[in-house]
Amino acid sequence: MSMSDTTQQSGMESMDNMKDDPMASDEGVVRVSPATVQNIGVRTAEVTFEPLRRTIRTTGRFKMDERGMRTVSLKVGGWVETLHADYEGAIVKEGEPLLELYSPQLVSTQEEYLLALRNARRMENSEDAKRLVEATRRRLDHWDLTDEQIEEIEARGEPKRTVTFHAPTSGEVMHKNVKEGQRIEPGRDLMDIADISTVWLIADVNQQDLSWIEVGMPVRIRLVSDPGTIQEGTVDYIYRMLDTESRTAKVRVTLPGGHRTLRKPGASATVYLEARPTEATPVVPSEAVVSNGEQEVVIQALGEGRFRPRPVTTGLETGGRVQVVDGLSGGEQIVTSAQFLIDSEARLEGAMSSMMGDM
């Protein structure tokens, strides 16, 4: 008898034995001898049905709330005769004096306004005189003189040599770019005033963790400058752009601020993002999932040396465990080690069965 005849006869006997064995006839089932199971170190675990929980640890840094930043600039030029906010870090309140400006334009416009008022009083029924008063007053208003300042000019009956400009908001003086006695042009940035009632904490989140992040999730913060203190907040914004180099996205936490606190812009902190538990689903160890790049598979242990590959679709992963959103129902026994060898055995047996079928 030739070798090919011997192989064919052996294959036929194997097929006959499989037909006689109801365990071996299950479609897709691989049989492995107990000795082989022991030799290759097959371990199994039960598929649980539970939610997943995740705490993401990352770093963040404090910065000023950009929504509370105001740049101070004037719409008229002149000389700064007195600078009240004369150093960076000064705390000002809305409406407080920032500087006093001598401006020939302001002096001459005040004179025009007073002259227009006198003419309007002499010519009570003249619409032209009234329009001139309105035009000169509007010019003072456009240069940010307050109603109180304009009324004071009217009451004095003579122009003021210097005009006081006030803080448009409360906060801390930053980026001061003006000195007392300096001549300034209209539109020049003189200083910034930052609202310090709130600060931002900007944290970096890795791309693979973004599926856990959502607006409103709780955050615990440990300050580098005060490691014994834990503070709490919530995520209020997730930035849309991803950093192409670090593959991270930024999330923002808004916190109460206050002057001279430990939460200073530029300071860093350790951030713990507490993800909301997922809905209960089948959960397996991450190492139980075999992937060929197109299909994910787990190997189900059926007992008595029988194994069956089960296609699955996985979801979120954390702490070495992964959701199975399709393919398992919970309670199954699956292989957590040596599954590559069993999967290879299944592929080999399927190929041999196909070859025998072609003979």
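The legends below describe close-up views of a predicted model. Residues are numbered from 1 along each chain as its sequence is written, and side-chain values use heavy atoms, with hydrogens and water left out. In this predicted model, local features need pLDDT of at least 70 and side-chain atom pairs count only at pLDDT 80 or more, whereas totals for chains, interfaces and linings use all residues.

**View 1. Six strands close into a barrel.** The order around the barrel is β4-β13-β16-β15-β14-β17, and the pairing is antiparallel. From one strand to the next, the twist averages 40 degrees. Strands (E, at least two residues) and helices (H or I, at least four residues) are DSSP runs numbered from the N terminus, and two strands pair if DSSP finds at least two bridges between them. Strands of a sheet pair through backbone hydrogen bonds, either parallel or antiparallel.

**View 2. Strands β13 and β16 run antiparallel within the barrel.** Residues 198-206 form β13 and residues 248-256 form β16, with nine bridges joining the two strands. Val 205 is placed opposite Ala 249 of β16.

View 3. Strand β14 (residues 218-223) is joined to strand β15 (residues 226-242) by six bridges, and the two run antiparallel. Ile 221 has Gln 231 in β15 as its bridge partner. Four bridges pair β15 with β16 in the antiparallel sense; the bridge partner of Tyr 237 is Arg 252 in β16.

**View 4. Four strands make an open sheet.** The order is β5-β12-β10-β7, with antiparallel pairing. At the edges are β5 (69-72) and β7 (91-92), each of which pairs on one side only. Strand β10 (residues 171-174) and strand β12 (residues 191-194) run antiparallel and are joined by three bridges. Met 174 has Asp 192 in β12 as its bridge partner.

**View 5. Helix α3 packs against α4 and α5.** Axes are lines fitted to C-alpha atoms, for helices over the stretch in contact, and angles run from 0 to 180 degrees between N-to-C directions. Helix α3 (residues 104-122) meets α5 at an angle of about 60 degrees, with the axes 10 Å apart. The two helices α3 and α5 are therefore oblique to each other. With helix α4 (residues 127-142), α3 makes an angle of about 155 degrees, and the axes are 9 Å apart; α3 and α4 are therefore roughly antiparallel. Angles under 35 degrees count as roughly parallel, over 145 as roughly antiparallel, 65 to 115 as roughly perpendicular and the rest as oblique.

**View 6. The largest cavity holds about 40 Å³ of space.** A search of the whole structure finds one cavity of 30 Å³ or more. On a 1 Å grid over the protein atoms alone, a cavity is a set of points where a 1.4 Å probe fits but cannot get out, and lining residues have an atom within 4 Å of a point. A volume is the space filled by probe spheres set on the points. Among the lining residues are Gln 110, Leu 145, Lys 160 and Thr 164. Both α5 (147-156) and β9 (162-166) supply at least two residues of the lining.

Key. 1 Å grid on protein atoms, 1.4 Å probe; cavity = no way out; pocket = protein on both sides within 12 Å on 5 of 7 lines; lining within 4 Å.
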